[in-house]
Amino acid sequence: MPKPRHQQISVADTPYYHLVSRCVRRAFLCGITETYNFEHRREWILERLTLLTQMFAIDIAAFALMSNHYHLVVRVDAAKAANWDAKEITDRWQLLFRLPVLVERYLSGGSSGEAENQVTETMIENWRARLCDISWFMRCLNEHIARRANFEDRCTGRFWEGRFKSQALLDDKALLTGMVYVDLNPIRAQMALTPESSDYTSIQQRLGKAIHCAFHGELLPFAGSCHQDNDQHHIPYHFIDYIELVDWTGRQIREDKRGAIDTSLPPILARLGISFDCWLQNCQQLETIFHQVIGPISSLKQFCQKLGQRWFHGQTACQRSFG
């Protein structure tokens, strides 16, 4: 039996999560088949993500849109949502949903009494919770794409394989592991040779190499970014280090790559104390080695306790990789 989502996600313990959704039967419903070209559907996903990042208190740190699935690494900013007033919440909510008459009267100051105000305020608080909820974010993304694709195909039924998969990223090393894994997806699938030529990925977007349809929202910035505000959350590493890490990891994974690889450690690996063997294995098999949680064993135990779980699959992998 699949675990309820509240037993897999605890924003109080970590705001970062790796999310995956796959097309039904893993068919190329967002790519190119023998008879059809569905590449434009990946542009639909980018357009929807742009809207959802304007609406939700959820930032995107990394993404990769493949032919039959997509990956996201997101950060939930619950503190940001907690500071929104009623006007901010309703403005965001009505980007996708129509406001009830009760709410419109409340905002205009024309409500009929205290009872009506209480009902309206409860409704707005529910929207606040939803606007920093990963399940609602994914629902608004996947349902829209499924309906649009089914309309185009003149059919009904499932477009996505089932519930989206989520993995908690419990510390900075887990965050980097998830982001590199996502950004290298096209290279592992032999759809691209380099990160800068990997279409529909955050690494290509960050490098300014996206030529066709691009994500027009704001990706979560790295430390020291010119787009980073003092009060804005950021990925706690410099982008140049991340680029070197992605490129180095991609070279190790590519067995047909010519030439010798420099044996000197990239600075970021040396700082984090990650072994080459574990790092490469993690980036090659993130979804099979780990399950619902990624991070050091101490953080994993605290995460289990917070969710009322005795253990999670993948504890041995976490102990080996993160200590």
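Reader: Taking buried as under 20% relative accessible area (exposed is over 50%, partly exposed in between; 1.4 Å probe, protein chains only), how many of the 12 residues of α7 are buried?

Author: 11 of the 12, so α7 is largely enclosed by the rest of the structure. This is a predicted model, where local features need pLDDT of at least 70, side-chain atom pairs count only at pLDDT 80 or more, and totals for chains, interfaces and linings use all residues. Numbering runs from 1 along each chain as its sequence is written, and side-chain values use heavy atoms, without hydrogens or water.

Reader: Which ones in α7 are buried?

Author: Among them are Lys173 and Asp183, plus Leu175, Leu176, Met179 and Val180. Helices here are DSSP runs (H or I, at least four residues), numbered from the N terminus.

Reader: Switching to α4 and α5, what's their angle?

Author: About 105 degrees, with the axes 10 Å apart. Axes are lines fitted to C-alpha atoms over the stretch in contact, and angles run from 0 to 180 degrees between N-to-C directions. The pair is therefore roughly perpendicular (65 to 115 degrees).

Reader: Which α4 residues meet α5?

Author: Leu102, Val103, Arg105 and Tyr106, with α5 partners including Met123, Ile124 and Trp127; contact means heavy atoms within 4.5 Å. Ala, Val, Leu, Ile, Met, Phe, Trp, Tyr, Cys and Pro count as nonpolar, Asp, Glu, Lys and Arg as charged, and the others, Gly among them, as polar.

Reader: And how do α1 and α6 cross?

Author: At roughly 145 degrees, with axes coming within 10 Å. Their contact has 9 nonpolar, 2 polar and 6 charged residues, including Arg41 and Glu47 in α1 and Arg148 and Glu152 in α6.

Notes. Helices (H or I, at least four residues) and strands (E, at least two) are DSSP runs, numbered from the N terminus. Angles under 35 degrees count as roughly parallel, over 145 as roughly antiparallel, 65 to 115 as roughly perpendicular and the rest as oblique.
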